[in-house]
Amino acid sequence: MDRIEKLLADLENTDWHVRDCAIKNLGKIKDQRAVEAIINALKHRDEWTRRSAALRLGEINDSQVAIPLINALKDESVIVRRAVVKALGEIRDPQAVMP
């Protein structure tokens, strides 16, 4: 099992702190699988995991994350929406201006 696969498995852990660490570590890896995993975490059942994913995507600063973040503006959780707004501000993608 490579490092990314281990971190992907950690995203399914029942402990929020383990999932949070996995997201942070995935964000440090320059690999498409890692970015996709964080984007998928925006749909996790736990709002704190979704928040963590949004914040990390803002730090990745890649144009491919703009649309998933814009879609996450509709999240039911205010803590997630605030994190998404912060992330969108950090990536400075023109697509994010109107939403």
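Which residue caps the N-terminal end of helix 3? Asp31 does, with a side-chain oxygen 2.7 Å from the backbone nitrogen of Arg33.

1. Basis of the note. The model is predicted: local features need pLDDT of at least 70, side-chain atom pairs count only at pLDDT 80 or more, and totals for chains, interfaces and linings use all residues. Residues are numbered from 1 along each chain as its sequence is written, and side-chain values use heavy atoms, with hydrogens and water left out. Helices are DSSP runs (H or I, at least four residues), numbered from the N terminus.

2. Helix 3. The buried residues of helix 3 are Ala34, Val35, Ala37, Ile38, Ile39 and Ala41; buried means under 20% relative accessible area, with a 1.4 Å probe and protein chains only. These buried residues pack against helix 1, helix 2, helix 4 and helix 5, where contact means heavy atoms within 4.5 Å.

3. Nonpolar core. A nonpolar core is a set of buried Ala, Val, Leu, Ile, Met, Phe, Trp, Tyr and Cys residues joined through side-chain atoms within 4.5 Å. The largest has 30 residues, of which Leu26, Ile38, Leu42, Leu57, Val65, Leu69 and Val84 touch the most other members. Two or more residues of this core come from each of helix 1 (3–10), helix 2 (16–27), helix 3 (32–41), helix 4, helix 5 (66–72) and helix 6 (78–91). Leaving aside residues up to four places away in sequence, Leu57 touches Val35, Ile38, Ile39, Leu42, Val65, Leu69 and Ile91.

4. Helix 1 against helix 2. The axes of these two helices come within 8 Å and cross at roughly 145°; axes are lines fitted to C-alpha atoms, for helices over the stretch in contact, and angles run from 0 to 180 degrees between N-to-C directions. The crossing of helix 1 and helix 2 is left-handed, a term that applies if the near helix is turned anticlockwise from the far one by less than a right angle, with right-handed used if clockwise. Arg3, Ile4, Leu7, Leu8 and Asp10 in helix 1 meet Val18, Arg19, Ala22, Asn25 and Leu26 in helix 2.

5. Helix 2 against helix 4. Here the axes come within 9 Å and cross at roughly 15°, and the two helices are therefore roughly parallel to each other, the term for angles under 35 degrees. The crossing of helix 2 and helix 4 is right-handed. Helix 2 contributes Trp16, Arg19, Asp20, Ile23, Lys24 and Gly27 to the contact, and helix 4 contributes Trp48, Thr49, Ser52, Ala53, Arg56 and Ile60.

6. Arg56. This residue is found in helix 4 and counts as buried because its relative accessibility is 14%. Its side chain makes a polar contact with the side chain of Glu59 at 2.5 Å. A polar contact is a pair of N or O atoms within 3.5 Å; within protein, one must be able to donate a hydrogen and the other to accept it, and residues adjacent in sequence count only if both atoms are side-chain atoms. Beyond residues up to four places away in sequence, Arg56 touches Ile23, Lys24, Gly27 and Ile38.

7. Helix 4 against helix 6. These helices pack at an angle of about 5°, with their axes 7 Å apart, which makes helix 4 roughly parallel to helix 6. On the helix 4 side, the residues that meet helix 6 include Glu47, Arg50, Ala54, Leu57 and Gly58. Their counterparts in helix 6 include Val80, Ala83, Val84, Ala87 and Ile91.

8. Arg50. Arg50 lies in helix 4 (residues 47–60) and is buried, with a relative accessible area of 6%. A polar atom of the Arg50 side chain lies 2.9 Å from the backbone oxygen of His44. Not counting residues up to four places away in sequence, Arg50 touches Ala41, Leu42, Lys43, His44, Arg45, Asp75, Glu76, Ser77 and Val80.

9. Ser77. Ser77 is placed in the loop between helix 5 and helix 6, and its relative accessible area of 6% makes it buried. The side chain of Ser77 reaches the backbone nitrogen of Ile79 at 3.3 Å. Apart from residues up to four places away in sequence, Ser77 touches Glu47 and Arg50.

10. Ala72. Ala72 is found in helix 5 and is buried, with a relative accessible area of 9%. Leaving aside its neighbours within four places in sequence, Ala72 is in contact with Leu42, Arg81 and Val84.

Notes
Buried means under 20% relative accessible area, exposed over 50%, partly exposed in between (1.4 Å probe, protein chains only). Angles under 35 degrees count as roughly parallel, over 145 as roughly antiparallel, 65 to 115 as roughly perpendicular and the rest as oblique.
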